[in-house]
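Student: Please take one part of this structure and go through it closely. I would like to look at charged side chains and their partners.

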Amino acid sequence: MHQAVAQPAGQRPMYTSTWGHLYREAGNSKDLLGVFPTEAPVYLLDSTNTQYKVQVSNGDIGYIDRQPLKSAMFGKRSADEPKQYFYRGTTDAQCPHFYVQVAQLRVRKAPNTTSTAVRRAGLNEMVCIDYVPLYTDGWVYIGDHFHESPEYIQMKFLGPELTYDKVLKEYLAVKGKDQEKELAAVGRLREIGWTKYPKLKQALIYWKESYAQAGIVDPKVDIDFELLLANKFQNELQSEVYAKKLKALNFHFEWKGVSLSDGKITDAQMKQLALQRVSEIPDMPECGWEPRYYYKTPNMIVAFEENYKGKVVGTMYKLFFSDGENIVVDNERMDANYAEKDFVNHFGELLSADWISTPHTYYIQNGDAGLFIFRFVEGKLASYECMYYC
């Protein structure tokens, strides 16, 4: 049985100039290990007059036909690239990709089932691939480009994107006939429902019916609370209405008797509150808002920027609720004792959530490129964060 070897971190690959096959042995074009697309990263190990010996992204080692190898990628593809292996979307412009076909799939640190699981991939998660193994139970690499945070999953769990209607049809076909298949199908239906809010309520009702009929309780799912969320989420606001409601919230922070308004927080206020000035914050996201400097306490980070008039103003970047901190939104005073259900009932129409990957975390859209993020733990408000993205 073939075993792939994880690629060492940090190495820089070369890139193929056309798609082709990886052969197990030199000079043997019939024993195929896999197939790679145009501009696949390969790590050159040796060469002959007609072939290169290479390691590909999932760790497979074999031989490819000699061709120009490039030191950079230019987003090119070969016209005859086989679509059964390298689907590039309806416009043919995206990276080659497939979708995760099973719920809560373990993503591994190395290409074997005994390695550490680094996370769970969601059903229908899109993953870019640059090599497809052609043998049984082969692995594909889906981590960062230089393998500094490696991630692997098996190719057999990937396929076309699953639609809600397709999964619903599969569920209805086994409902009341095969309990094991019914529960598996309704689990997939619930997971897809959380990405398709208009379908979410129906999916959750089916989930509740099937589990009740089976007499099974899933301790990880509070289905009645999810149904409450579905009722709040099913009517999407138009962008103009949403923006008007958001502006009317009078969003501000209160701590130690000082009121801090987003975008108008000043250096003087930070000094009044005895916050410590720091030049940078570790682990700031690379893609997003990068303020020039910060103030912080153990529970909060205030991010500052210099505006066009030369005034230095800030915003509450991150806040953990444990020392009397308050967020005041629409006259709702939210602190460490503020209940999650009250939050959902009051702000539900403005909220979104990805309940499968990050339950009890809610997002309020802040313009075209920002989010307010609220996290709850054991039913109480635990943290607030603002984020700007590319």
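**Charged side chains and their partners**

Tutor: Glu 151 has a relative accessible area of 17% and is buried (buried is under 20%, exposed over 50% and partly exposed in between, with a 1.4 Å probe and protein chains only). The model is predicted, so local features need pLDDT of at least 70 and side-chain atom pairs count only at pLDDT 80 or more, while totals for chains, interfaces and linings use all residues. Residues are numbered from 1 along each chain as its sequence is written, and side-chain values use heavy atoms, with hydrogens and water left out.

Glu 151 and Arg 119 meet through their side chains in a salt bridge of 3.0 Å, N to O (a side-chain nitrogen of Lys or Arg within 4 Å of a carboxyl oxygen of Asp or Glu). This pair links distant parts of the chain, 32 residues apart: Arg 119 is in strand E9 (residues 117-121), and Glu 151 is in the loop between strand E12 (139-141) and strand E13 (152-154). Strands (E, at least two residues) and helices (H or I, at least four) are DSSP runs numbered from the N terminus. Arg 119 is partly exposed, at 29% relative accessibility. Arg 119 also forms a salt bridge with Glu 125, where the closest N and O atoms are 2.8 Å apart. Glu 125 counts as partly exposed at 23%.

A salt bridge of 2.6 Å, N to O, joins the side chains of Arg 333 and Glu 254. Arg 333 lies in strand E23 (residues 332-334) and Glu 254 in strand E15 (residues 252-255), so the pair ties together parts 79 residues apart in sequence. Relative accessibility is 46% for Arg 333, which is partly exposed, and 23% for Glu 254, also partly exposed. To return to Arg 119, salt bridges that share partners join Arg 119, Glu 125 and Glu 151 into one network. The whole structure has 13 salt bridges.

Glu 340, in helix H7 (residues 340-347), is buried but has no salt bridge, and its nearest side chain of opposite charge, Lys 341, is 9.2 Å away (Lys and Arg count as positive, Asp and Glu as negative; His and the chain ends are not counted). The side chain of Glu 340 makes a polar contact of 2.5 Å with that of Tyr 362 (N or O atoms within 3.5 Å; within protein, one able to donate a hydrogen and the other to accept it, and residues adjacent in sequence counting only if both are side-chain atoms). Leaving aside neighbours within four places in sequence, Glu 340 is in contact with residues including Phe 225, Trp 355 and His 360 (contact means heavy atoms within 4.5 Å).
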